[in-house]
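Okay, everyone, thanks for coming. Let me put the thing up on the screen, and then I'll talk you through a few spots.

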Amino acid sequence: MYLMQFLVLAAFLFCVGVYGVLVRKNAVLVLMSIELILNSVNINLVALGVYRGYDQAIVGQVFSLFVIAVAAAEVGIGLAIVLLIYRNRASIDLSEVDLMKG
Amino acid sequence: MVLQNIWVIPAITASSFVLILLFGRRLPNKGAEFGLMALTMTFALASIGAAQWVGRPADLEVEPASTIKSAEAHDEEGGDEDHGNKSDKGHAGEGAKEHAGEGAKEHAEEQDEGGHGAEGTVAEAGEGDEDHGGGHEAEPIRRPVDRRWAWFQTGDVKVQAGTHADGLAMAMLFVVSLISLLVHVFSFSYMHGDERFTHYYAALSLFTTGMFVLVTASNTLQALFGWELMGLCSFMLIGHWWDRDGNKNSSAALKAFFTTRTGDVGLLVGISILFFAAGQTFDIETTNRAALTGQIGSGVLLAAAAALLVAVIGKSAQFPLHTWLPDAMAGPTPVSALIHAATMVVAGVYLVARLYGVFWVAFDIGGGGINPVAVVGAVTILIAAALAFVQADIKKVLAYSTVSQLGFMIMALGVGAWTAGIFHLFTHAFFKACLFLGAGSISHSGSHHSFDMVKDMGGLKDKMPWTFRTFLVATAALAGVPPLAGFWSKDEILLGAGKNGYGLFMVVGLIGAFMTAAYMTRCVYLTFFGEPRGAAAHHHPHESPPLIVVPLQVLAVLSVFAGLLNAPFFGELFGKWTSNSTVLGAGIAHHEFSLVAAALSIAVAFGGIATGYAYYWKGFRVGSLRHDRGPTGMLYRLLVRKYYLDDLYEGFIVRGIREPVARAAYWTNQKVIDAVVNGAGIAARGIARFVYEIIDQRGIDAAVNGAGIASSETGGLLRYIQTGRVQQYAALMLGAAGVFALALALL
């Protein structure tokens, strides 16, 4: 079985994504990192779906299709927010966006 | 068919009561329209019902109970049932239970046909037909219409609610709804502008409902319900003007309530005894049948009848509990008319008539001689009639007259003249309502709201012609002038008393009839003849408005013709219509009209009128009664003080109870309650101080402050984490998730 290879690839992508989300200051890059995280999950879903048996593979594929749809919506909203932040502040540096500071 | 659905009649007036209370105040006529509408409907229904009852075929044959007994005795000789030995109480009790059980079954089976259980006994009695030598040819009667619903069940006892429509019930429904309708019409003008007009009409509706419930009841429990409803409403109506004249009106209401309540205890006891004696059933028909066929032991039956008699004495204002009725005149006059003519006081008479089997057997009414019911009635006739002579208040004359006439009814029932008793109830309702409403009309337009005949009336004959004419007709009817209503019914009572072996009571009745004629003549003289006095002279008396006069005219016409219903040359229809299986079961003798008795009662009536005429118009007097020191003066003072009965009740019984109770209450108040209260106060103060200083200040306040400080500090610490930077939050989330994942992996 090639399952392990897929899982390792997904874990690697996940880690890259998390790193991007936590560290990058550019909001667009953060969104892209989120996409990476979601795609790593998609790889996991498809791989594990096939792992359960070829006749069951469709389950994992459909699930990942849902995730892709949700991810598209998320990116749409996320980019809209980023656009508004840019209009107000002429910057998309996330470390400056701290209005909710307690 | 109205007869199957007579429950509608009380339901209409009950809903009228609710509607008046809910919406009455907002309507242009303050709710009177509901009352008038409801009573018009009930009167129409009652009339239709009465017509349908008259139209029913008379196909139910009932044999006298003596025949039934003998038939049963025949059966028992051959049969294995052993309830022949009536002296053995245990056996008698079992027998009663078995029989009641059978009766109940029969009821259940025949319910659908609309008939009732008398058929079973008839079938039983069929063999013994030839035995009965009593000579009472039992005419077939109309079959009563019963309707039953399951009410409640406790253990094995199923209690059914139901209606029982027979001649007596329909006659009562007709009278009650008619009088109540006229009273509603009369009140509309009489009570116009009263501050509690709406409540007045609501109470009238409820009052009428009470009587309807009582009259249509098929069991004693329902009857009790209607009975108490009337007690309550009479309290409300007598005390309608509770805020006038000091506390006179409210104490009159209380007196009426408490006095009738004294009797009501008897009703409750009587019903309870009969419930167990008749085999755990409240059903009136079954109870009557059980009593008549000897299934109830004589001791038990006597106790029940005595208890019921106490209730009747209280409700129907018989001696010695009659004292509340004259005081009840404190209520508005139309209420007096309603109470006296159609509802409340006739409830007692109705109860005796309805449970006649019980009274008949318990007091051996058929045996002649003397019995408590007749004695109570006879004593009441005389003492109340005597009291009517000394009253200055026109309503009190009428009140004592009512008491006296109720005495006639009770006596009639007591001497076995069942039909005569309820026929007198029927006719009396018309002329007594007419008299009371006439008195109301006089006070409304003639004497400036005074009822004092001696001070404020006199000479109203020409000023109020219609009031005068109707009053005169009703007076003649009450006095027993033929051929008006009162003559026929009173004559029948006297005839019944004479023929049934109650000669003494016939004499009492004749004396009573004489006194009735005389005091009513006095009343008419003082009100309408002579010189106008007081308000009648100074306040421009005039005839009352049509809404007041028309009911008077209707009632006067009925006072003239109602008596013909049971007149011999019209076939004594009333007796045939109202006859029921209990009456026939008891084997009550029916007497032909007797010219001698009629002549006697006519002579007495005219004698009374002539005496009054001679005394007042012609001035034949034996000195002034009022200032006489001799026996007549003493009699006068005895009457003015109402036989000292009120003094006895109030001075002796009430004070005898009230003062020790008051003293004990005062002592308790001072020594026990005050000490408790003071002790409680001191203790409460100590506790309060402790609570304030220790618990409140140190405990609760500290806790509250502590909580505040703690949350404030915690918030200060947490501020450091809340940077507002999303990525830091994400890192924290990741860290937390990592920790959880680690924990999951390790565990």
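This is a predicted model: local features need pLDDT of at least 70, side-chain atom pairs count only at pLDDT 80 or more; totals for chains, interfaces and linings use all residues.

Residues are numbered from 1 along each chain as its sequence is written, while chains are lettered from A and ligands numbered from 1 in the order in which they are written.

Chain B, then. It has 30 helices and four strands; helices here are DSSP runs of H or I with at least four residues, strands are runs of E with at least two, and both are numbered from the N terminus. Of the 747 residues in chain B, 51% are buried, meaning 20 or more other C-beta atoms, placed from the backbone, lie within 10 Å of the residue's own.

Let's look at a helix pair. How do α16(B) and α17(B) cross? The axes of α16 (residues 372–388) and α17 (residues 394–414) come within 7 Å, at roughly 160 degrees. Those axes are lines fitted to C-alpha atoms over the stretch in contact, with angles from 0 to 180 degrees between N-to-C directions. The two helices are therefore roughly antiparallel, the word for angles over 145 degrees. Residues making the contact include Val373(B) and Ile381(B) on α16(B), and Tyr400(B) and Phe408(B) on α17(B); contact means C-beta atoms, placed from the backbone, within 7 Å. By class, that's 17 nonpolar, six polar and no charged residues. Nonpolar covers Ala, Val, Leu, Ile, Met, Phe, Trp, Tyr, Cys and Pro, charged is Asp, Glu, Lys and Arg, and the others, Gly among them, are polar.

Now the strands. β3 (residues 145–154) and β4 (residues 157–165) of chain B run antiparallel, joined by nine bridges; at least two DSSP bridges make a pair. Together they form a hairpin with two residues between them, and Gly155(B) in the turn has a positive phi of about 60 degrees. Arg147(B) sits opposite Thr163(B) in β4(B).

One more glycine: Gly446(B) belongs to helix α18 (residues 418–446). Is Gly446(B) buried or exposed? Buried, with 30 other C-beta atoms within 10 Å.

Technical notes
Angles under 35 degrees count as roughly parallel, over 145 as roughly antiparallel, 65 to 115 as roughly perpendicular and the rest as oblique. Two residues are in contact if their C-beta atoms, placed from the backbone, lie within 7 Å. A residue is buried if 20 or more other C-beta atoms lie within 10 Å of its own, exposed if 12 or fewer, and partly exposed in between; C-beta atoms are placed from the backbone.
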